[in-house]
Amino acid sequence: MKTSTATKGYIIRSTAYATLLLCVILAVCSAFDLSGKLSEPRRQSRTLTLADRVAYQRAIEEVYWRHRIWPKENAGPKPLLDEVMSQDQIQKKVEDYLSKSQVLENYWHRPISPDDLQTEMDRMAKDTKQPEVLGELFAALDNDPFVIAECLARPLLAKRMVINLHDYDKAASDSPLSGEDRTGRQTTAQLSNYKLPERVEGGCLEDTWRATSTTNAPDGRTYHTAISTGVEMIVWGGFSDAGLVNTGGRYDAATDSWTPTSTINAPDARYVHTAVWTGTEMIVWAGQTDNFPLVTNSGGRYNPSTDSWTATSTTNAPEARYVHTAVWSGSEMIVWGGAGETFSVINTGGRYNPDTDSWIATDTTNAPEARSGQTAVWTGTAMIVWGGEDDNLNSLNTGARYEPDTDSWIATSISNAPTARVFHTGVWTGSEMIVWGGYDGAVYLNTGGRYNSSIDSWTATNTTNPPDARSGHTVVWTGSEMIVWGGGESANFFNTGGRYDPSTDIWTATNSTNAPEARILHTAVLMESEMIVWGGRDESFTRFNTGGRYCVGEAGPTPSPTATVSPTATPRVTPRPRPMPHPRPTPR
């Protein structure tokens, strides 16, 4: 029997409707799991090879390297990234975060999710203290939300979360890389509807404070050191509630995050040591340890790009010491003074060349009298040491200029010099050394002086509206102002400070709204337009792992970090003898 044309059309239409209905039913059913609950949509995957990740990691390192301080004293231009960081070192960083991701997956029984990564991206954008740098990091990753999630957010999140795993050490040693190994197989990741976070535009508001993150911050401590690389503050060593430590942390201002410094091959735990920044490495040296004979002449070089330590040679190194000073000359770390193994003050020093890992002694002819607790700055051609105290705890107002080119000393004038003092602060402005505050053996001081090395003359700093008299404070040079903050006198500690403009000889108080808690024995560094203070302790001997960022406004040319990091970041406050091994300085 023949089927009519109308009937054929009806059959075709009915079949189409049935097919459509079946598709709708299948689509609805697929949205629910077997329990009847609405199931999550399937996520597609996107491939990133190891080579892809390494290339993106290199782009990240390029941004950080571009912003790292290359001290103006260094001979020659700043090298290219490839000259200071190899492809293998970059690849190891990628393998490390993939391995940590696998550790977390093993522990959680689930991988790091797209939602976790989106939250981390949003946190970075919300909390960044260097929005311009964060913007450069995003741009280096093509402003691709997926790549930012996988290559910037994942490393930070994995490192932060894995620290909290009690069994991480064992798990990490047993775990393979997450979907990737050194043979170059592809890595796949869940492709989500990532969104590029809206970044906070512009810099900080002058004369205001913002807190630093405490997530994964190092343990609270005093008598530690801190340097600025331009994009990171690195703190290391010091005295914590658990005693001396050889741990530290890197605070990344762009992502407002802390990363622990490696302890592999790190120097022994210590305090009242010194640290300088060379442009590629932080060098820490000397101080007091828990190992006999308690005072050391050992040290280490820390490379933040590779998170690795290299010991400094002890061959021909100066005698062991603590409460000494150190500056970076552009090619050498110059150390001088302090107290030695017998706890008597010394007037010797040494020059350490990291390129050759070798030491040369500084001449002692015409050197200043032995002392500890002095300050030292680098002028571009000479190191100036000033102040401190002798073996009888007499404060000094003498000093000298050391010129490494001629290995010679020239005494600084004492005419119109500030009164004698110890554990004051000092900075180099580019034309003058400014010293301020400290303790003279009887009272705390809020006076200071400016020393012009070109004409060997002193000019007193204005005494109108300076900060309260104090010691245990910190100081940074912004390019136009010296900023003093924190410290105290006797049992009265401060969270106040002042800005001193040498061109006008005028003091202006720093805003205390939202400032960190009052403290002494903290550290401070300058990073672009902000002063970052961290650590220290209060009157009840509570050691802080908190800090704050103070906006200095439009900072001048980036100064040499050694001019802003002085041993007075770890001074004493209570009148008492120099720090001895037992009891420790101002112990808890």
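Which residues of α5 are buried? The legends below start with that helix.

**View 1. Helix α5 and its buried residues.** This is a predicted model: local features need pLDDT of at least 70, side-chain atom pairs count only at pLDDT 80 or more, and totals for chains, interfaces and linings use all residues. Residues are numbered from 1 along each chain as its sequence is written, and side-chain values use heavy atoms, with hydrogens and water left out. The buried residues of α5 are P114, L117, Q118, E120, M121, R123, M124 and A125. Buried means under 20% relative accessible area, exposed over 50%, and partly exposed in between (1.4 Å probe, protein chains only). Helix α5 covers residues 114–127, which is 14 residues. At 1.5 Å a residue it should span 20 Å, and its end C-alpha atoms are 20 Å apart, so the two agree. The expected span is 1.5 Å times one less than the number of residues. Helices (H or I, at least four residues) and strands (E, at least two) are DSSP runs, numbered from the N terminus.

**View 2. Y223 and Y271, an edge-to-face pair.** A search of the whole structure finds 19 aromatic pairs. Rings of Phe, Tyr and Trp (its six-membered ring) pair if their centres lie within 6.5 Å; planes under 30 degrees apart count as stacked, over 60 as edge-to-face and the rest as tilted. Y223 and Y271 are 5.6 Å apart, centre to centre, with 85° between the planes. Y223 lies in the loop between β4 (221–222) and β5 (225–228). Y271 lies in the loop between β10 (257–260) and β11 (274–277). The pair therefore ties together parts that are 48 residues apart in sequence. Y223 is buried, at 1% relative accessible area. Y271 is buried too, at 0%.

**View 3. Y251 and W258, a tilted pair.** Y251 counts as buried, with 0% relative accessibility. W258 also counts as buried, at 4%.

**View 4. A ring cluster.** Ring pairs link W209, W485 and Y550.

**View 5. Charges over rings.** The charged end of K78 sits over the ring of W65, 4.7 Å from its centre. The charged end of R537 sits over the ring of F541, at 4.0 Å from the ring centre. A charge sits over a ring if NZ of Lys or CZ of Arg is within 6 Å of the ring centre and within 35 degrees of the ring normal.
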